[in-house]
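Student: I have a protein model open and I'd like to learn how to read it. Could you take me through some features?

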Amino acid sequence: MMNEIKKLFLDFDGPILDNRQKYAALHRHLLRDAGGQALGADEYWSLKRTRVPETEILQRCGVHESQWDDYLRRRQAGIENEEVLTLDEVGVPTWLVERSRTCAIYLVTLRKRRATLLAQLDRLELLHLFDAVLSEDANDGSASVKVRLMAPYVNSAKHAVLVGDTEAD
C-alpha cells in the first residue's frame, strides 16, 4: 500500500515528535506555581493516554478550582515556548527520509505559532523533508482547520493518507 501513496499528510506532535518530556516538565513547573502536587511522568501520561481532562488531573493534584483557568492559560502559552520545545524528541527520522524519496510529504499541524514551528523544524533538521508545512497562527485547534489547510493539496483521497494521533486527525 505504501507504494500507492502519492501524498502523505503527517501531524507533528505525536506521530513525528515524542513530546512526553515536554508536557511532563510543563506539568511539574506549572503545578509548583499553582500549589499542587505534580504527578510522576508515567502517571501523568497514563492519564493523558486515556484522555482524562486536564481539569481532572488538576483536581487529582490538589489544585483548587479557582486556579484552573490560570493554569490552563499558562499551559497553553508554555506549550510552544522555545525553551520548552527543546524537550521534544524526533521519533521517526529514518522513516521520514525514506518516505520523502517516494511521495510528497506535508506536515499539517494545529500549532498556533508558525514562526516557532518553522524554527523548531529547522533546528531538528526536518524542514527539508516536507513539500509544505501546513499551519496557521492562532487557529482554533479544530479538525476543520486541518481540512481547510489540506484541501488545496488533496485532489484525490485514493492516493493520500493522513497520519495523526488525535480526534482532530
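Tutor: An axis is a line fitted to C-alpha atoms, for helices over the stretch in contact, and angles run from 0 to 180 degrees between N-to-C directions. Helices (H or I, at least four residues) and strands (E, at least two) are DSSP runs, numbered from the N terminus. Keep in mind that this is a predicted model, where local features need pLDDT of at least 70 and side-chain atom pairs count only at pLDDT 80 or more, while totals for chains, interfaces and linings use all residues. Residues are numbered from 1 along each chain as its sequence is written, and side-chain values use heavy atoms, with hydrogens and water left out.

Student: How many helices and strands are in the protein chain?

Tutor: The protein chain has 8 helices and 6 strands. From the N terminus on, their order is β-β-α-α-α-α-α-β-α-β-α-β-α-β. Along its principal axes, the C-alpha trace spans about 50 × 30 × 30 Å.

Student: How do I describe two packed helices?

Tutor: You give the angle between their axes and the distance between the axes. Here, helix α1 (residues 20-34) and helix α2 (residues 41-49) have axes that come within 10 Å and cross at roughly 110 degrees. That makes α1 roughly perpendicular to α2. As for the cut-offs, angles under 35 degrees are roughly parallel, over 145 roughly antiparallel, 65 to 115 roughly perpendicular, and the rest oblique.

Student: Which residues in α1 and α2 meet?

Tutor: Contact means heavy atoms within 4.5 Å. On the α1 side you'll find Arg20, Tyr23, Ala24 and His27, and they meet Ala41, Tyr44 and Trp45 in α2. The residues of this contact divide into 5 nonpolar, 1 polar and 1 charged. In that scheme Ala, Val, Leu, Ile, Met, Phe, Trp, Tyr, Cys and Pro are nonpolar, Asp, Glu, Lys and Arg are charged, and the others, Gly among them, are polar.

Student: Which residues of α4 are buried?

Tutor: Buried means under 20% relative accessible area, exposed over 50%, and partly exposed in between (1.4 Å probe, protein chains only). In α4 the buried residues are Trp68, Tyr71, Arg75, Gly78 and Ile79. Seen down the axis of α4, they fall within an arc of 100 degrees, so they line one face of the helix. The arc is that of the directions from the helix axis to the C-beta atoms. On the other side of α4, Asp69 and Arg73 are exposed. The buried residues pack against α1, α2, α3 (54-60) and α5 (82-85).

Student: Why do some residues of a helix point the same way?

Tutor: An α-helix has 3.6 residues a turn, so residues three or four places apart point the same way. Now look at α8 (143-150). Val145, Lys146, Leu149 and Met150 are buried there. They cover an arc of only 125 degrees around the axis, which puts them on the same side of α8.

Student: What about phi?

Tutor: Most residues other than glycine have a negative phi. Glu125, though, has a positive phi near 55 degrees. Glu125 sits in the loop between α7 (114-123) and β5 (132-134), and at 62% relative accessibility it counts as exposed.

Student: Where does Ala138 lie?

Tutor: Ala138 lies in the loop between β5 and α8. Its phi is positive too, near 50 degrees, and Ala138 is exposed, with a relative accessible area of 66%.
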